Amino acid sequence: MAENQNLLQMSHGKDGLGKIEIAPEVIEVIASIAASEVEGVSQMRGSFATGVVERLGKKNHGKGVKVELAEEGIIIDVYCIMKFGVSIPTVAQKIQDNIRQALLNMTALEADEVNVHIVGVQFENQTLEAEIDEEM
């Protein structure tokens, strides 16, 4: 694996037909979907721009995930909002496990770090739309 122009390159020995390049955005999408699948995650946190884009009808599948291709390997930061009443350490561990497994299954890559950042709690009767409107 080598880093070249923000692409992750892989080679599979002498018999390979060529090189495989994986953009960090692909890893973001895989990690975001894997985190969203975990029971207890209310939603992924995006920026103001992703909120506007989603209101216009375009889904951002890499929302709430930042991928860094560093010397020491792949570092993934996940920003999510939890459902009220769940065990945050347990759900965070499941998020880390699910992302690692999805990344390994789909790309044969292993993340060196999966950092989970809990940025909010969703209550059952509360809608996040109201919170977003208040921030504007």
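Leaving out residues up to four places away in sequence, isoleucine 76 touches Ile27, Ala31, Val65, Lys66, Val67, Ile99, Leu103, Ala111, Glu113, Val114 and Asn115, where contact means heavy atoms within 4.5 Å. The model is predicted, so local features need pLDDT of at least 70 and side-chain atom pairs count only at pLDDT 80 or more, while totals for chains, interfaces and linings use all residues. Residues are numbered from 1 along each chain as its sequence is written, and side-chain values use heavy atoms, with hydrogens and water left out.

Ile76 is also one of the residues that touch the most other members of the largest nonpolar core, which has 26 residues; the others are Ile27, Val41, Ile74, Val78, Ile95 and Ile99. Such a core is a set of buried Ala, Val, Leu, Ile, Met, Phe, Trp, Tyr and Cys residues joined through side-chain atoms within 4.5 Å, and buried means under 20% relative accessible area with a 1.4 Å probe, protein chains only. Two or more residues of this core come from each of α1 (24–36), β4 (41–44), β5 (65–70), β6 and α3.

Aspartate 77 is found in strand β6 (residues 73–83), strands being DSSP runs of E with at least two residues and helices runs of H or I with at least four. Aspartate 77 is buried yet has no salt bridge, the nearest side chain of opposite charge, lysine 66, being 4.2 Å away; a salt bridge needs a side-chain nitrogen of Lys or Arg within 4 Å of a carboxyl oxygen of Asp or Glu. Its side chain does make a polar contact with the side chain of histidine 117 (2.9 Å).

Key:
Buried means under 20% relative accessible area, exposed over 50%, partly exposed in between (1.4 Å probe, protein chains only). Lys and Arg count as positive and Asp and Glu as negative; His and the chain ends are not counted. A polar contact is a pair of N or O atoms within 3.5 Å; within protein, one must be able to donate a hydrogen and the other to accept it, and residues adjacent in sequence count only if both atoms are side-chain atoms.
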